[in-house]
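Try each task before you read its solution.

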Amino acid sequence: MSAKPIIPILEDKRFRRDPLYNVGLLKFSILAIGNDGGGIHLASMACPVIGLYGPNTPVKWGPLGEKNVIFYKNPGCSPCKYIHMKKPEECKLKRKCLRDITVEEVMGAVNFILENSKCNN
């Protein structure tokens, strides 16, 4: 990992290899935020998620569940050929599809989920 996780247990080697361990940990979460990868799909089994979709469409690859909030700016270049070629650094728009998702939008979704969470009623 290039950045330290907020929850130290996420550095546990089992977290990277054991999906059931991950879902077990996520059951204690009120929400999860992630990109369009396997982690967000696992999280959606345990709690509401905020999915950040840039290069791929959530219509085909989005997490299941009604309590999820998905951000997707629908760029004209989606699905991204550079992601599928494993060369995201070659994107001529410098991954604008993800940079267009603002912190304010994500925090608004966080607040929405927290306000509507069973844990806060």
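pLDDT is the predictor's confidence in each residue, from 0 to 100. This is a predicted model, with local features needing pLDDT of at least 70 and side-chain atom pairs pLDDT 80 or more, while totals for chains, interfaces and linings use all residues. Residues are numbered from 1 along each chain, and side-chain values use heavy atoms, without hydrogens and water.

**Exercise 1.** Find which element has the lowest mean pLDDT and which the highest.

Solution. Start with the chain: its average pLDDT is 80, and 81% of the residues score at least 70. Now go by element (DSSP runs, at least four residues for H or I helices, at least two for E strands). Helix α1 (residues 13-17) comes lowest at 64, and helix α7 (residues 103-115) highest at 94.

**Exercise 2.** Work out the strand order of the open sheet.

Solution. Strands count as paired if DSSP finds at least two bridges between them. The order is β1-β2-β3, with parallel pairing. That puts β1 (32-35) and β3 (69-72) at the edges, each pairing on one side only. Next, zoom in: β1 and β2 (residues 49-53) share 4 bridges, and isoleucine 33 has isoleucine 50 in β2 as its bridge partner.

**Exercise 3.** Sort the buried and exposed sides of α7.

Solution. Buried in α7 are Val106, Ala109, Val110 and Ile113. They cover an arc of only 105° around the axis (taken from the directions to the C-beta atoms), so they sit on the same side of α7. Glu104 and Glu115 are exposed on the face turned away from that side. Finally, the cover over the buried residues includes β1, β2 and β3.

Terms used:
Buried < 20%, exposed > 50% of the residue type's maximum accessible area, 1.4 Å probe, protein only. Contact = heavy atoms within 4.5 Å.
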